[in-house]
Amino acid sequence: MKICVAGKGGTGKTTISAVLARFFARNGFNVLAVDADPNTNLALSLGIPLEEAKKIVPISENKELIAERTGVAPGSSWGAIFNLVPDVRDIRDKYSVFAPDGVSLLVTGTIDYGGSGCFCPAAALLKALLSYIILKEKEIVIIDMEAGLEHLGRGVTKKVDMLITVIEPSVKATETAERIRKLAGDLDVKEIYVVVNKVYSENQSKLIRGMLMKRGFSILGEIPYDEEIVKADMKGKSPLDYNPDSKAVKAIHGIYHKLVKIIERGTV
Ligand SMILES: Nc1ncnc2c1ncn2[C@@H]1O[C@H](COP(=O)(O)OP(=O)(O)OP(=O)(O)O)[C@@H](O)[C@H]1O
Ligand SMILES: [Mg+2]
C-alpha cells in the first residue's frame, strides 16, 4: 500500500508521516518512508540523530548514481539522450537507511522543475523510483511530499493507493483540499482522505468538519494543536521519542488505527 501525504507548507506532513511510519513498523508492517521534499527533514522526525541525518545524500543530488542509471550526468546539455526508464530496482535496498522501530527511510529529494516541467535525467530517475517501488509483503510506503500542489500533476507519484491531504483548520484550507482532490484525479488514487491538523478548539473542529463533510470529503482524523510537537521539533527529535503521551501523538495513533482498518477492509 502506497500512501502519499500532501498539503501546503508547514501543515504537518512530515510530523504525521514520521509518526505514522513508526506506528506501522511497531505493529509488524514493513515500512518504507520516502522523503520526497527538497528540505529533507523526515529523518529527524523519524528519530534519526542529527549527525547521522546530515550524512544522508538525497537521490536527486547523487550525481554519480543519476549518471550511472540514466547514462547522462545531471546538468548535461539539453538534448542529450538519456535513459528514460532507468533501472531502479536495487536503489531502495542500497540507499535506504534505518530509522527507529525498523522503519526504512529513502531520501529521494526533489527536483527544481523550473516552471514548465523538467525533462532531465534526475527527474527521470526519481519518477522511475517513485513509480516502480515494488511493494514487499505487508508493506506500507509512506511518501512525505513536497509542499504545494503543482508537483502532484507531474506524474512523479503515479500509482498511489491513498492520498492523505493535511490541512490546517480554515476556510481557505478546504479550498486547498478541493484543489488537491482535483489534481489527484490524474494520479490513479483510489482513496483520498483529509487530516485536519493543529486544531485549537471544539468549535473550530465542528466548523471545519461541517465544511469538509458538506463537500464530500472523508475525514481520516484530526490532531490538536500541541506544544509538545513544537518542542520536539525544536530539539530535532521525533515527537514519539520526545513525548509519546502527548495529545497529538495519541491522535496520530488513532489515525493509524483507522488506516489499519481500511487496509484490512481491503478496499485499497
Ligand atoms: N499538531 C501540531 N501542533 C503543534 N505544532 C505542530 C503540529 N503539527 C506540526 N506542528 C509544527 O508545525 C511545523 C510544521 O510541521 P511539519 O514540518 O510536520 O510540516 P510540513 O507540512 O512537513 O512542512 P513543510 O511543508 O515545510 O515540509 C513544525 O514546527 C511542527 O512542529
Ligand atoms: Mg515537511
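## The shell around ligand 1

The shell around ligand 1 is made up of six nonpolar, nine polar and five charged residues, where Ala, Val, Leu, Ile, Met, Phe, Trp, Tyr, Cys and Pro count as nonpolar, Asp, Glu, Lys and Arg as charged, and the others, Gly among them, as polar. Of the 20 residues around the ligand, Lys-13, Thr-14, Thr-15, Ala-147 and Asp-233 come nearest, a residue being near if its C-beta atom, placed from the backbone, lies within 6 Å of the molecule. Two or more residues of this shell come from each of α1 (13-26), β7 (191-199) and α9 (227-234).

The model is a predicted one, in which local features need pLDDT of at least 70 and side-chain atom pairs count only at pLDDT 80 or more, while totals for chains, interfaces and linings use all residues. Residues are numbered from 1 along each chain as its sequence is written, and chains are lettered from A and ligands numbered from 1 in the order in which they are written.

## Overall composition

The protein chain has 11 helices and eight strands; these are DSSP runs numbered from the N terminus, with helices (H or I) of at least four residues and strands (E) of at least two. Of its 268 residues, 45% are buried, a class that requires 20 or more other C-beta atoms within 10 Å of the residue's own, whereas 12 or fewer make a residue exposed and values in between partly exposed, with C-beta atoms placed from the backbone. Among contacts with a separation of 6 or more, 76% join residues 24 or more positions apart, a contact being a pair of residues whose C-beta atoms, placed from the backbone, lie within 7 Å.

## The sheet and strand β2

Eight strands form an open sheet of mixed pairing in the order β3-β4-β2-β5-β1-β6-β7-β8, where two strands pair if DSSP finds at least two bridges between them. Its edge strands, each pairing on one side only, are β3 (97-99) and β8 (218-224). Two helices pack on this sheet: α1 touches β1 (2-7), β2, β4, β5, β6 (162-167) and β7, its direction making about 170 degrees with that of β5, and α8 (residues 202-214) touches β7 and β8, its direction making about 160 degrees with that of β7. For these angles, axes are lines fitted to C-alpha atoms, for helices over the stretch in contact, and the values run from 0 to 180 degrees between N-to-C directions.

Strand β2 (residues 30-36) is largely enclosed by the rest of the structure, because six of its seven residues are buried. Seven bridges join β2 to the parallel strand β5 (residues 139-145), with Ala-33 standing opposite Ile-142. Four bridges join β2 to β4 (residues 103-107), also in parallel; here Leu-32 stands opposite Ser-104, and Asp-35 has Val-107 as its bridge partner.

Phe-23 lies in helix α1 and counts as buried because it has 22 C-beta neighbours inside 10 Å. Leaving aside neighbours within four places in sequence, Phe-23 is in contact with His-253 and Tyr-256. Phe-23 and Asp-101 are 78 residues apart in sequence, yet their C-alpha atoms are 8.4 Å apart in space.

In helix α4 (residues 63-70), the buried residues are Leu-65, Ile-66, Arg-69 and Thr-70. Seen down the axis of α4, they fall within an arc of 105 degrees and so line one face of the helix, the arc being that of the directions from the helix axis to the C-beta atoms. The cover over these buried residues includes α6 (121-131), and just after α4, Gly-71 takes a positive phi of about 85 degrees.
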